[in-house]
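Colleague: I have a model here and would like to go through it with you. Could you take my questions one at a time?

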Amino acid sequence: MTEAGLTMLNRTADSVARSTPEPLARKVRGISDKGLAWLFISPTILLLLAINIFPLFWAIYLSFTNYRANRPGEVVKNLGLANYRRILGDQDIWIAMQTTAHFVFWTILLQTVIGFTLAWLIDRKFRGHAFWTTIILVPMMLSPAVVGNFWRFLYEPQIGLFAYVVSFFTGIAPTNVQMLSNVELAPWAIVIVDTWMWTPYVMLICLAGLRSIPEYIYEAAEVDRASNWRQFWSITLPMALPFIMLAVLFRGIENFKMFDMVNLLTGGGPGSTTEVASITLKRQAFESWRTGYSSAFAIILFVAVFGLANIYVKALNKVKQR
Amino acid sequence: MSLTTAHSVVAPSSNAKRISGALVVAYALISIVPLLWIFATSFKTPPDSIAYPPKVVFQPSVEGYCNLFTTRTRQTPEYINSLGPATGLCDETVRKRNMVIAGPSNFLPRFVNSLIIAFGSTFCAVFLGTLSAYGFSRFKVPLADDLLFFILSTRFMPPIAVAIPIYLMYREIGLSDTALGMILLYTAVNVSLAVWLLKGFIDEIPREYEEAAMIDGYTRLQAFWRTVLPQATTGIAATAIFCLIFAWNEYAFAALLTSGTAQTAPPFIPTIIGEGGQDWPAVAAGTTIFLVPILVFTILLRKQLLRGITFGAVRK
């Protein structure tokens with residue numbers, strides 16, 4: 001059917017729908033549309049209130065106290081803002097935040113550059129591109145914890161594959177490739193695994209961005225004799241930018257929360273060189289059992305993610321509107 | 001057609017295509033090596049798994065899988081000789097290391113927990129998500145945008161931060177270390193994805209279908225059941241697989257909130273210890289078995305993948 005025909009059909013259906021006496025449709029079984037809407041939506045809202053919002057308020061309450069979860073009988077004292085003040089003045093917490101920022105920065109930089117390049121290459125539709133794209137996607141579908149644990153084996157100096165490959169290409173003795181116990185290398189060990197795992201994710205979103213650019217823009221550029229380089233900078237990159245930014249947003253939020261991989265690869269060590277915010281939080285909450293104090297830290301983290309994400313989404317919308 | 005000609009001017013030359021192809025294939029091969037290594041290691045003997053240089057060619061063995069599914073005790077050779085003939089392949093393999101099988105390991109129960117919790121929470125999340133998505137898509141809900149954003153924002157919290165109050169709450173009401181508690185938690189986490197994804201799918205189904213059905217005398221509910229649901233099946237299936245993958249792979253909540261009976265496989269696999277350290281072939285075997293379902297789903301899902309990972313923010 002032609003497009004005009006379809007539109008006509010839609011319009012007819014529309015007018016039929018509009019001319020239907022609404023009350024007739026509504027009253028057949030006694031539930032009004034409004035009641036039905038709430039019937040459909042309320043279970044989800046109730047579940048989220050019970051499992052997300054109620055605990056959140058509980059955490060806010062706890063953040064003002066000295067409560068310790070491993071001593072339920074103890075008298076709980078209200079400390080006011082003391083927990084928050086202590087956190088903002090705590091050197092270790094600031095170091096953890098810096099470590100987190102470093103991770104977020106390097107993983108996003110690497111993943112965006114590699115991911116976009118891959119998407120750009122795949123977009124040329126060489127033979128077998130669908131097959132190889134599927135292969136590339138596999139790492140991101142796996143459990144970060146299970147895979148992270150196995151990377152500990154790959155990183156093992158002396159017996160691990162990674163150390164072997166590095167020493168094969170660089171001539172450094174494999175016993176010196178101490179990825180997880182060397183203070184300098186440990187953060188990079190995590191950056192490598194995270195990049196390996198999540199580059200496909202960025203690639204996929206970039207690919208959608210590239211595919212969304214209409215062909216005729218390139219054709220017009222070709223008519224104007226714009227060079228390939230010029231086409232890339234004035235068409236490809238700006239048109240794909242909102243998608244790249246979306247990928248950065250999702251990866252940013254996820255990596256800010258990063259826990260499983262770090263916990264299994266290094267557990268925050270050696271020393272505290274890879275202790276990201278989530279690891280600090282876990283240590284405070286479930287090892288030192290400073291529940292009130294860690295709740296305050298959790299609230300601060302939540303506000304930070306929420307605030308940063310909001311600012312970022314505003315910037316993203318501006319780019320989209322251009 | 002003239003368009004095709006114009007296109008062929010723009011299309012990259014076959015040389016450029018060949019170079020891009022080669023680069024992508026190189027990346028794919030490098031990135032798949034760790035997984036192939038896991039797979040290969042699961043069929044090595046413990047000494048082979050820690051040989052240096054790493055062994056690419058080796059005598060395959062089922063020892064890793066045997067160690068994964070059983071617990072073993074060390075015995076003297078005299079005692080082992082006094083036993084009758086080995087009762088199976090695993091028994092035989094284990095005896096070569098002067099051990100006998102003492103009983104089943106915890107892997108199977110943990111794997112079953114993963115299945116129950118992942119499928120249970122997926123079912124609940126998709127059920128609730130479909131209803132809500134339909135509600136948001138078809139009715140005038142007051143503050144709909146705010147509610148939708150609220151639903152999404154529940155994903156901004158670091159899991160560890162949520163885990164503290166959940167831990168306390170579950171302890172109070174007796175849900176800690178239970179499958180039901182984990183199902184509720186994963187449902188709550190997944191329902192945001194389900195609502196956002198499914199709303200996108202349902203928005204694309206023309207309202208006229210239901211309206212036509214209602215003219216024929218169906219009620220809203222019947223119209224939803226008979227026209228919308230069948231149309232949304234693909235979307236529902238894709239959403240279900242995403243929820244399943246999340247619940248299957250989740251580690252942080254599982255590690256903090258379960259310790260015994262309700263523990264899932266992700267926190268369990270890293271704890272598999274052999275004699276003198278981690279038993280890498282057994283860990284690799286556990287990892288392999290754990291990864292297989294997800295690999296199958298990835299291949300089935302590759303076309304829907306994009307929508308799922310972006311909450312439907314990118315249409316394709």
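Colleague: How many positive and negative side chains does chain B have?

Modeller: Chain B has 23 positive and 18 negative side chains, where Lys and Arg count as positive and Asp and Glu as negative, with His and the chain ends not counted. The centres of the two sets lie 7 Å apart, each charge being placed at NZ of Lys, CZ of Arg, CG of Asp or CD of Glu. Please note that this is a predicted model, in which local features need pLDDT of at least 70 and side-chain atom pairs count only at pLDDT 80 or more, whereas totals for chains, interfaces and linings use all residues. Residues are numbered from 1 along each chain as its sequence is written, chains are lettered from A and ligands numbered from 1 in the order in which they are written, and side-chain values use heavy atoms, with hydrogens and water left out.

Colleague: What does the secondary structure of chain B come to?

Modeller: Chain B comes to 17 helices and four strands; these are DSSP runs numbered from the N terminus, helices being H or I of at least four residues and strands E of at least two.

Colleague: And is chain B spread out or compact?

Modeller: Chain B is more spread out than a compact globule, because its radius of gyration is 26 Å, well over the 20 Å that the globule rule gives for 316 residues. The radius is taken over C-alpha atoms, and the rule is 2.2 Å times the number of residues to the power 0.38. Along its principal axes, the C-alpha trace of chain B spans about 85 × 65 × 40 Å.

Colleague: What share of the residues in chain B is buried?

Modeller: Buried residues make up 55% of the 316 in chain B. Buried means under 20% relative accessible area, exposed over 50%, and partly exposed in between, using a 1.4 Å probe and protein chains only.

Colleague: Turning to cysteines, how many disulfides are there over all chains?

Modeller: The search of the whole structure finds one, a disulfide being a pair of cysteine sulfur atoms within 2.5 Å. The bond joins B:Cys66 to B:Cys90, with S to S 2.1 Å. The two residues are 24 apart and link distant parts of the chain, B:Cys66 lying in helix H4 (residues 63–69) and B:Cys90 in helix H6 (residues 89–95).

Colleague: Which hand does the link of B:Cys66 and B:Cys90 have?

Modeller: The link is left-handed, with -90° about the S-S bond. B:Cys66 is buried at 1% relative accessible area, whereas B:Cys90 is partly exposed at 28%.
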